[in-house]
Amino acid sequence: MIALWIVLGVLAVLALSTAVATSTRRRRSLGPPAAVATRGSSDIGANAVSEAPEAGPGPEGSGAPALRDRLGRTRGLFAPLRALGARGELAAAIDAAEEALLRADVGVETTTALVASLRQRPDGGADGVLSALSGRLVEIFSENPDRSLRVDREPGVVDVWLFVGVNGVGKTTTIGKLALARRDEGDSVLLAAGDTFRAAAADQLALWADRAGVELVRGAEGSDPSSVVFDAVHRAKARGNHLVLADTAGRLHTKVNLVEELRKIRRVADREPGRVSEVLLVLDATTGQNALAQAREFTEAVGVTGVVLTKLDGTAKGGVVIPIERQLHLPVKLVGVGEGPADLVPFEPAAFVDALVGV
Ligand SMILES: Nc1nc2c(ncn2[C@@H]2O[C@H](COP(=O)(O)OP(=O)(O)OP(=O)(O)O)[C@@H](O)[C@H]2O)c(=O)[nH]1
Ligand SMILES: [Mg+2]
């Protein structure tokens, strides 16, 4: 009888500890996602919002979307190389690496340079090639060490982040995701609907503003976008908002118009009390090498302080991040990995490289 009670007691303790462990794991997986680094006097990080039910936890159980899953299509290109394993012939491994890099839209120039450095790898089969590749990629990304988003919070100054890029790349969506994230971090944000080309653009931003509970300044369709941004900066100053996220049009009647308009918006936003502290170029990863051409044009036209690379989920062209950094020396600061509010995460080179080529 006593033995029976002991057995029942042990079973009860085991059941209880399993339940506690499960609920702890669950709580951790719903915890705050990885921080977006900021620099400047405030130095307060912003969180990607943790509201994406479909997003699995990140590698650290952080609640951020799991990069390996989201980058699945680009990662898949390296599967044949991974499959060769430690015993794979060096020549075959290098061929597999070259093919994967080209198919991932890393481009001929950067692929050639990477393959040349892999050839110096004496042994270790495919695994050796993978680890050499991963080391080389981390080195490339370390040449752009500062990926912080600048917000100074200087009294009397309104920081302005301008979002530029061709139509459809994800500017408005990125601003919406960021408004939620910054708000959750305690930033006082105001949105400027600087895309007056279509009324629907401001409507789309208004939905995100409602969702984030932040104010939006918009103008009539066809009105001067610079005046919308000017009003937004002054409104922000009056309300005590220290950060304006300004949307811009991705398309106008001519390219010259677009460039001139962006330059004007930048000049106006930079007048006191405003200060343009970031010009973020939004690029769509699904366009691959074409994104590189856009980056060149926008950098020349308006100056760019960082890149937001969207739609890395669902594309096999995620390798384009490598030439953006290596050839154009532009820091990728944020990446979009889905359409949900939590699907914007800081670009973390080590995590990205692991998601791409990690075994
Ligand atoms: N899968 C995926 N879709 C995205 C991502 N970012 C944006 N999108 C989608 O891309 C489409 C275009 O996004 P918008 O934010 O309207 O793009 P935009 O640059 O503002 O476009 P214009 O206003 O026409 O210049 C929308 O359907 C978004 O939901 C992402 O990271 N992943
Ligand atoms: Mg838009």
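Trainee: Let's start with ligand 1: how many residues surround it, and which are the closest?

Mentor: In this predicted model, ligand 1 is surrounded by 21 residues, and the closest of them are Gly 170, Thr 172, Thr 173, Gly 250 and Gly 336.

Trainee: And which helix gives the most to that shell?

Mentor: That is helix H8, which covers residues 171-184 and gives 3 residues to the shell around ligand 1.

Trainee: What does the shell look like by class?

Mentor: Sorted by class, the shell around ligand 1 holds 11 polar residues, 6 charged ones and 4 nonpolar ones.

Trainee: Changing topic, which residues does the cis peptide bond join?

Mentor: The cis bond joins Glu 272 and Pro 273, with an omega of about 5°, and Pro 273 sits in the loop that runs between helix H11 (255-269) and strand S9 (274-284). As background, most peptide bonds are trans, and most residues other than glycine have a negative phi.

Trainee: Speaking of phi, what is the value for Asp 105, and where does this residue lie?

Mentor: Asp 105 is not a glycine, yet its phi is positive, at about 65°, and its place is the loop between helix H5 (90-103) and helix H6 (108-119).

Trainee: Is Asp 105 buried or exposed?

Mentor: Asp 105 counts as buried because it has 26 C-beta neighbours inside 10 Å, and the cut-off for that label is 20 or more.

Trainee: What about Arg 153, then?

Mentor: Arg 153 also isn't a glycine and has a positive phi, of about 55°, and it is placed in the loop between strand S4 (149-150) and strand S5 (158-164). Arg 153 has 17 C-beta neighbours inside 10 Å, so it counts as partly exposed.

Trainee: Now the inside: how many residues are in the largest nonpolar core?

Mentor: That core has 102 residues, and those with the most contacts inside it are Leu 162, Ala 179, Leu 191, Val 244, Leu 245 and Ala 246. Helix H7 (residues 125-142) gives the most to this core, with 8 residues. In soluble globular proteins, nonpolar side chains tend to be buried together.

Trainee: Which residues is Val 244 in contact with?

Mentor: If we leave aside neighbours within four places in sequence, Val 244 is in contact with Val 158, Val 160, Leu 190, Ala 192, Ala 232, Val 233 and Ala 236.

Trainee: Last one: is Ala 116 buried or exposed?

Mentor: Ala 116, which is found in helix H6, counts as exposed because it has 9 C-beta neighbours inside 10 Å.

Terms used: Residues are numbered from 1 along each chain as its sequence is written. Chains are lettered from A and ligands numbered from 1 in the order in which they are written. This is a predicted model: local features need pLDDT of at least 70, side-chain atom pairs count only at pLDDT 80 or more; totals for chains, interfaces and linings use all residues. A residue is near a molecule or strand if its C-beta atom, placed from the backbone, lies within 6 Å of it. Helices (H or I, at least four residues) and strands (E, at least two) are DSSP runs, numbered from the N terminus. Ala, Val, Leu, Ile, Met, Phe, Trp, Tyr, Cys and Pro count as nonpolar, Asp, Glu, Lys and Arg as charged, and the others, Gly among them, as polar. A residue is buried if 20 or more other C-beta atoms lie within 10 Å of its own, exposed if 12 or fewer, and partly exposed in between; C-beta atoms are placed from the backbone. A nonpolar core is a set of buried Ala, Val, Leu, Ile, Met, Phe, Trp, Tyr and Cys residues joined through C-beta atoms within 7 Å. Two residues are in contact if their C-beta atoms, placed from the backbone, lie within 7 Å.
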